[in-house]
There are 2 protein chains.
Amino acid sequence: MEQISSKDNEKIKQLIKLQTSRKARRESGCFVAEGVRMAQEALRCGLQIRRVFGTQDNAGKYAGIWEQLCQRAQEAYRIAGALEEKISQVQSPQGIYCVCEVPQVSQQDILQQGERKLLALDCLQDPGNLGTIIRTADAFGADGMILGEGCADCYSPKVLRSTMGSLFRLKIWTVPDLAATLTALQQAGFCCYGAALDETALQLGEFPFPKRCVAVIGNEGNGISPEVLSCCGHTLYIPMKGEAESLNAGVAASLILWEMCR
Amino acid sequence: MEQISSKDNEKIKQLIKLQTSRKARRESGCFVAEGVRMAQEALRCGLQIRRVFGTQDNAGKYAGIWEQLCQRAQEAYRIAGALEEKISQVQSPQGIYCVCEVPQVSQQDILQQGERKLLALDCLQDPGNLGTIIRTADAFGADGMILGEGCADCYSPKVLRSTMGSLFRLKIWTVPDLAATLTALQQAGFCCYGAALDETALQLGEFPFPKRCVAVIGNEGNGISPEVLSCCGHTLYIPMKGEAESLNAGVAASLILWEMCR
């Protein structure tokens with residue numbers, strides 16, 4: 001197995017770019033699953049693994065999983081431990097890095113016949129919120145998520161970690177024009193609910209969600225953009241009793257997922 | 001009005017300590033409400049304001065609120081704009097800092113007769129989660145929150161900001177021994193539900209919460225400590241359909257609050 005000890009090695013430079021640059025991830029269609037837990041989830045969910053990198057010490061410490069990774073990955077490399085401080089995005093690196101392909105999700109995957117519960121995000125920008133929402137959508141059995149332009153990158157290391165592996169299990173469809181996508185969904189029989197701070201809207205918990213539906217959550221500060229909201233057949237309000245003016249976007253999405261999927 | 005331009009001024013040193021040290025907040029019983037929004041909420045909620053500090057520029061820019069603050073605070077100071085980089089905890093400081101007294105909440109405030117919906121936290125450590133939970137509890141009209149030892153400090157700048165003012169409206173009772181407090185609550189007629197990853201527990205959404213109840217949420221990684229869980233009359237599980245093993249603690253608390261207060 002090839003050993004790499006220089007940070008100037010082209011493969012190491014590319015690995016670091018994939019950890020730190022959304023543009024690099026987008027152009028290559030790859031991302032990095034770092035650490036034992038993420039590597040296990042990548043194996044379990046059948047992700048395509050292009051390359052795996054392991055430090056001497058830690059590939060030995062996690063020998064079982066390292067061996068599986070070497071079998072599944074197209075290429076495997078041993079790297080010097082000293083490189084980790086350049087590569088790792090966590091405080092306690094575990095010396096295992098998998099370059100995985102972003103799973104391709106098509107309109108067909110999302111719009112299948114029958115019961116479908118979907119969540120769409122419009123310009124949701126906080127990585128922590130995005131990670132939380134992906135984890136909740138997986139937990140409640142949503143059938144997929146749609147990310148419009150302007151959302152945080154779900155394959156960034158921070159989002160990936162906070163999803164606790166849910167990112168690999170949930171179908172996530174990234175679309176260039178969310179308004180057009182919602183229009184197409186409604187033509188395919190979906191009811192579309194835009195979450196809005198409008199007390200005259202439909203009240204969450206007081207109506208049943210139909211079998212085919214999509215709920216839309218907007219940006220943390222500004223809500224859903226007017227263009228996207230105008231494509232939603234319904235608006236949806238989460239009733240509040242106190243004086244708080246709004247909920248955290250991750251909480252709002254989680255409550256809607258809970259009611260939608262129950 | 002006294003002008004302060006030195007970072008070595010005792011009042012400035014104390015202000016910085018209150019921004020950065022939990023110990024200083026605990027010993028003095030005070031915290032800092034920074035910025036226009038927080039100052040407005042502090043005024044509106046009738047907090048005791050000991051001191052207010054305003055930079056030349058910004059106290060002028062926000063003249064209306066600055067005047068109200070000067071009337072309500074025991075002491076008011078103009079400070080040099082250059083001091084802000086030492087004092088402020090945000091990226092775009094607004095030049096207004098109020099030293100407020102932590103509201104005193106007693107057992108009587110929390111245990112009042114009649115309908116009471118309470119949330120208790122056991123060693124919840126993430127400031128972002130704590131802020132989110134306080135905001136949600138206020139939004140759904142919970143009657144109070146109980147924080148055990150080991151929780152993040154709700155008066156830290158980060159938590160305070162993320163509550164969006166809800167911290168000033170909600171009754172928050174900090175207790176040294178959560179297990180003992182829960183025992184006392186149950187003697188006062190409360191049903192106590194500990195959230196646990198136990199599928200044999202009561203399922204959220206499948207039973208009605210009684211009029212007097214307290215739900216307990218535990219630490220992000222370890223859940224509720226065994227000692228505290230043994231004091232809960234019931235355990236509570238949030239049913240999950242997907243393969244996710246758990247929910248974010250802030251999401252779990254929010255879902256329980258939604259069901260408890262609906």
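Modeller: Let's start with pairing: two strands pair if DSSP finds at least two bridges between them. Strands here are DSSP runs (E, at least two residues), helices are runs of H or I of at least four residues, and both are numbered from the N terminus. In strand S4 of chain A, Tyr77(A) is the bridge partner of Glu2(A). The model is predicted: local features need pLDDT of at least 70 and side-chain atom pairs count only at pLDDT 80 or more, while totals for chains, interfaces and linings use all residues. Residues are numbered from 1 along each chain as its sequence is written, and chains are lettered from A and ligands numbered from 1 in the order in which they are written.

Biologist: What makes S1(A) and S4(A) a pair?
Modeller: The rule asks for at least two bridges, and strand S1 (residues 2–4) and strand S4 (residues 75–79) of chain A have 3, in the parallel sense. Strand S3 (residues 49–55) of chain A also pairs with S4(A), parallel again, over 5 bridges. There, Thr55(A) has Ile79(A) as its bridge partner.

Biologist: Why are S8 and S10 of chain A said to stand at the edges?
Modeller: The open sheet has 7 strands, paired in parallel, in the order S8-S7-S6-S11-S9-S12-S10 (chain A). Strand S8 (172–174) and strand S10 (202–203) of chain A each have a single partner strand, so one side of each lacks a neighbour in the sheet. Inside that order, strand S9 (residues 191–195) and strand S12 (residues 234–237) of chain A pair over 3 bridges, with Gly194(A) opposite Thr235(A).

Biologist: How do you know which strands helix H13 of chain A touches?
Modeller: Contact means that the C-beta atoms of two residues, placed from the backbone, lie within 7 Å. Helix H13 (residues 249–261) of chain A touches strand S6 (116–121), S9 and strand S11 (212–217) of chain A. The direction of H13(A) makes about 170° with that of S11(A); axes are lines fitted to C-alpha atoms, for helices over the stretch in contact, and angles run from 0 to 180 degrees between N-to-C directions.

Biologist: Why is chain A called as compact as a globular protein of its length?
Modeller: The globule rule is 2.2 Å times the number of residues to the power 0.38, and the radius of gyration is taken over C-alpha atoms. For 262 residues the rule gives 18 Å and chain A has 20 Å, which is close, so the description holds.

Biologist: Where are the domains of chain A?
Modeller: An automatic or database assignment sets the bounds, giving domain 1 (2–101) and domain 2 (107–261). Their contact takes 13 residues from domain 1 of chain A and 8 residues from domain 2 of chain A.

Biologist: How do you know that the copies meet through the same surface?
Modeller: 100% of the interface residues of chain A are also interface residues in chain B, so the surface is the same. In this interface, 26 residues of chain A are in contact with 26 residues of chain B. Helix H8 (127–139), helix H10 (166–169) and H13 of chain A each supply at least two residues of chain A's side.
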